[in-house]
Amino acid sequence: MMDEKIEFFKENGYVVLEGVFERSQAETWRATYDDLVARRTLPGQEAEKWLIDVVEGEPRLMLPAVANPTLIAFAERVMGPFVQLDNLTFFNFEPVSKEDDTGEATGWHRDRWGGLPAGPQYIRPNACNAITYLQDLTDERGPLRLVPGSHRAAVTISDDRRHEPHPDERLVYPCVGDVVITHCNLLHSGTRNLSEASRHFISIYYNLSWLKHRDNHDGPNVQRILQDARRREDRRTQRLFGVDNQLFWRVNSGHMLPDEEMWNTWIENDREVLKEELNLEGGPSCLCMGNI
Ligand SMILES: O=C(O)CCC(=O)C(=O)O
């Protein structure tokens with residue numbers, strides 16, 4: 001099953017993983033959003049609605065999102081065991097009215113660390129976006145728009161058309177708990193929210209562990225997570241927060257075997273040295289190190 005998902009991702013540049021998170025978990029996240037915004041806004045200042053550094057600010061709440069074993073196992077299959085948290089973004093796309101001249105698409109783009117593809121060959125992503133919506137997406141609430149295959153094709157859109165539907169687009173309607181994983185070179189856009197309700201989304205953005213990361217992993221909470229991961233010899237969690245003690249020999253391994261073959265061996269090595277699983281108390285799938 002997961003092999004099919006990987007093949008679909010390589011071919012199309014995205015995949016939907018169904019039911020990764022419990023609905024109750026998504027509801028807990030949704031219910032805390034306004035409070036998180038309020039707590040980060042100083043008196044007299046405009047509310048900061050794009051929440052970043054949320055794992056540091058709310059480790060119990062957000063560690064189950066970024067360290068979800070299914071997501072990391074998937075990311076390792078397509079990026080190799082080099083998966084780091086670039087950042088987690090939490091945002092609510094407020095409803096707009098049809099009369100607003102904003103255009104149907106919220107803005108076509110490729111993601112951070114991506115680039116315009118040079119040719120049709122699939123290449124390993126520098127980063128993957130794992131997006132989960134905290135309400136089921138509908139036409140009213142605004143589906144995710146994607147141009148399948150645009151991670152392998154130099155499809156471009158001029159600035160004046162970035163808010164228009166694209167002739168080759170596919171609309172995706174994930175349910176609460178589903179996660180859409182996109183290749184950083186995939187062209188995609190949100191859709192304006194014409195419903196009367198909110199459209200919360202969480203983007204868990206993973207990049208290669210030799211790149212810089214946008215979230216700050218130096219704060220006391222993430223450092224505590226790292227300390228615990230070191231004690232348990234949990235390389236995967238250490239890597240997630242910027243510490244990859246296997247990096248230099250793995251990226252200089254001689255490259256005599258197909259990448260994925262090497263990656264599988266290293267993933268297995270990481271599993272062998274692990275002394276104790278990461279405890280994501282209260283989170284989904286928390287008691288096992290996912291493997292797909
Ligand atoms: O609003 C959406 O559905 C898309 C979000 C998006 O484009 C992104 O996370 O890069």
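Me: What kind of crossing does α2 make as it passes α4?

Reply: The model is predicted, so local features need pLDDT of at least 70 and side-chain atom pairs pLDDT 80 or more, while totals for chains, interfaces and linings use all residues. Residues are numbered from 1 along each chain as its sequence is written, and side-chain values use heavy atoms, without hydrogens or water.

The crossing is left-handed (the near helix is turned anticlockwise from the far one by less than a right angle; clockwise is right-handed). Helix α2 spans residues 23-40, and helix α4 spans residues 59-66 (helices are DSSP runs of H or I, at least four residues; strands are runs of E, at least two; both are numbered from the N terminus). Their axes come within 11 Å and cross at roughly 130° (lines fitted to C-alpha atoms over the stretch in contact, with angles from 0 to 180 degrees between N-to-C directions).

Contact means heavy atoms within 4.5 Å. By class, the α2 and α4 contact has 6 nonpolar residues, 3 polar and no charged (Ala, Val, Leu, Ile, Met, Phe, Trp, Tyr, Cys and Pro are nonpolar, Asp, Glu, Lys and Arg charged, the others polar).

Now set a second pair beside it. The axes of helix α1 (residues 2-12) and α5 come within 11 Å and cross at roughly 55°. That crossing is right-handed. M2, D3, K5, I6 and F9 of α1 touch T70, F74, R77 and V78 of α5. This contact holds 5 nonpolar, 1 polar and 3 charged residues.

Among the buried ones are F74, R77 and V78. At the start of α5, a side-chain oxygen of N68 comes within 2.9 Å of the backbone nitrogen of T70. Just after α5, G80 has a positive phi of about 85°.

F9 is among the contacts of H183, as are Y122, I123 and H151. H183 lies in β6, residues 179-183. H183 is buried, at 1% relative accessible area. The side chain of H183 reaches the backbone oxygen of I123 at 2.9 Å.

Key. Buried < 20%, exposed > 50% of the residue type's maximum accessible area, 1.4 Å probe, protein only. Polar contact = N/O pair within 3.5 Å; in protein donor to acceptor, adjacent residues only side chain to side chain. Lists of a residue's contacts leave out its neighbours within four places in sequence.
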